[in-house]
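Please walk through this model with the structure open beside you.

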Amino acid sequence: MKNENYMFVRVHYDTRVASLEPLGLEYIMAVIKEEKKKVCIYDESLYSPFFRFQRLLKQIEKQKISFVGFSIISYTAGYALSIIKKLKAIRPDLKIMVGGAEVTVNHRDFMVEEIDYVYYDNGLESLRHAVRNGFETKALEECTGLAYQKDGKWTEKPKGAPINDYGVRPDRSIFYENRKKFRVLAKGCFSLMKGSFSCPQECKFCISRQFNSCVYKEREIDRVVEEIIELDNDKIFFVDDDFLVNKERVKTICKKLIARKCFKTIMVFARADSIVNCEDIMPLLYKAGFRDMLVGLEAVEDSTLEKYNKNSSVVLNRKAVKILRDHHMVCVGLFVINYDFRHKDFMNINRFIREEKLVWVLFSILIPFKGTPVYEENKEKLVRYEYRRTGGTSVLIRPEHLPAWLFKMEYDFLYYVNYPRIYLAGILGTFNKEYATKDKAAEK
């Protein structure tokens with residue numbers, strides 16, 4: 001059995017708004033370390049943009065790496081595939097595996113000659129089994145959620161059951177070694193955490209529901225609380241699609257954190273309806289350290305929200321924003337730009353932002369992610385659909401009422417008029433001053 005030296009790579013991505021720790025790879029690193037194998041993470045975002053491929057190749061040679069895994073999201077898939085092709089041409093002896101969000105949903109897109117293994121399972125136990133047995137064919141036949149080449153042909157194994165935990169704590173050594181390089185614009189350095197898998201909602205444009213075989217599962221409360229307490233950072237960002245979906249669970253987590261006198265700054269994603277449903281426990285959330293919520297407001301017209309199958313309304317959105325404002329929490333408004341927008345629709349979003357006094361906002365042109373209902377409904381209308389253009393800033397469907405260049409200009413305008421306030425907040429340190437946790441929590 002060959003003893004592989006493993007390297008897992010996160011290829012570079014746009015870090016202007018946020019540079020976040022590679023949580024998925026940290027989980028993988030923990031699993032492989034438990035199997036007593038040599039493993040490291042290589043995150044391209046931590047290094048200069050110049051000579052990326054040469055630097056990666058040098059690290060592979062220096063550390064005598066024999067197995068390279070790539071973590072892929074939609075936006076980075078094209079670049080990652082080009083790197084893999086070059087790498088395999090130079091080092092045909094390297095074993096190459098791909099995994100990550102995009103692979104989980106569309107794994108067949110990555111079953112190409114240059115790749116040896118495609119990992120798309122819900123959990124990590126199948127990967128553990130493959131690593132433990134040196135990726136021998138007999139062991140691979142027992143795996144789930146894995147595709148591999150055998151005698152020049154691909155073998156695909158069905159996914160395993162949905163999970164509610166990876167069974168290990170992430171190995172955060174790369175985060176601790178590079179704290180200053182991981183940050184959220186104007187807010188500071190956040191550690192990532194996962195409290196649940198998939199999403200119980202059915203928004204047409206969202207890819208996250210497709211994870212975990214479309215089954216929403218929650219981690220055990222005590223495991224979540226212990227990880228928050230033991231994590232060596234005072235800012236935590238939960239990347240669950242809607243942290244507030246289960247009100248009683250949220251209450252229990254808050255009470256346990258307060259009882260343990262753990263007062264960290266916590267940022268989460270939350271839906272407007274969940275915020276409204278949790279209005280009565282907002283003081284408890286504040287006391288436990290919750291200061292920041294990224295809210296999928298998406299649109300400022302009910303008709304657009306209905307198209308997205310958002311199960312929300314503009315009235316509900318405004319109420320959610322007010323609840324957060326009244327309880328001294330940041331509302332980061334997330335908006336999706338639809339292809340039927342006219343000039344007035346862009347202006348209406350900007351007007352909504354001003355009326356609701358939102359400072360932190362993010363805009364994304366509707367992305368028809370492959371694997372979502374939006375993709376299926378519009379695949380005949382796609383324009384220059386490439387992985388590298390799925391970052392939310394490119395026009396992928398022909399706009400209905402505006403020329404593409406004007407549509408894109410209107411989109412850019414939203415950033416130009418709103419982001420100076422965010423940069424000013426960063427310069428003045430507004431987030432850290434206004435939303436401190438320890439001192440204010442102690443006063444309660």
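The side chains of Glu 35 and Arg 128 form a salt bridge, at 3.0 Å from N to O. A salt bridge here is a side-chain nitrogen of Lys or Arg within 4 Å of a carboxyl oxygen of Asp or Glu. Glu 35 sits in the loop between α1 (23–34) and β3, and Arg 128 in helix α5 (residues 125–132), so the pair ties together parts that are 93 residues apart in sequence. Helices (H or I, at least four residues) and strands (E, at least two) are DSSP runs, numbered from the N terminus. Glu 35 is buried, with a relative accessible area of 14%. Arg 128 counts as buried too, at 8%. Buried means under 20% relative accessible area, exposed over 50%, and partly exposed in between (1.4 Å probe, protein chains only).

This is a predicted model: local features need pLDDT of at least 70, side-chain atom pairs count only at pLDDT 80 or more, and totals for chains, interfaces and linings use all residues. Residues are numbered from 1 along each chain as its sequence is written, and side-chain values use heavy atoms, with hydrogens and water left out.

How many salt bridges does the structure hold? There are 36. One of them joins the side chains of Arg 10 and Asp 43, at 2.6 Å from N to O. This pair links distant parts of the chain: Arg 10 is in strand β1 (residues 5–10) and Asp 43 in strand β3 (residues 38–43), 33 residues apart. Arg 10 counts as buried at 13% relative accessibility. Asp 43 counts as buried at 1%.

Now look at Lys 247 and Asp 280. Their side chains meet in a salt bridge of 2.7 Å, N to O. Lys 247 belongs to helix α9 (residues 247–259), while Asp 280 lies in the loop between α10 (272–277) and α11 (282–287), 33 residues away. Lys 247 counts as buried at 19% relative accessibility. Asp 280, at 54%, counts as exposed. Elsewhere, salt bridges link Glu 21, Asp 165, Arg 172, Arg 219, Arg 223 and Glu 227 in a network.

Next comes a sheet. Six strands form an open sheet with parallel pairing, in the order β10-β13-β14-β15-β16-β17. Two strands pair if DSSP finds at least two bridges between them. At the edges are β10 (191–193) and β17 (361–365), each pairing on one side only. β10 and β13 (residues 235–238) pair in the parallel sense over 3 bridges. Here Leu 192 has Phe 237 in β13 as its bridge partner.

Turn to Cys 214, in the loop between β11 (196–197) and β12 (217–218). Leaving aside neighbours within four places in sequence, Cys 214 is in contact (heavy atoms within 4.5 Å) with Ser 198 and Arg 209.

Finally, step back to the whole. The protein has 18 helices and 17 strands. Its radius of gyration, taken over C-alpha atoms, is 22 Å, close to the 22 Å of the globule rule (2.2 Å times the number of residues to the power 0.38) for 444 residues, so the protein is as compact as a globular protein of that length. The C-alpha trace spans about 65 × 55 × 40 Å along its principal axes. Buried residues make up 55% of the 444.
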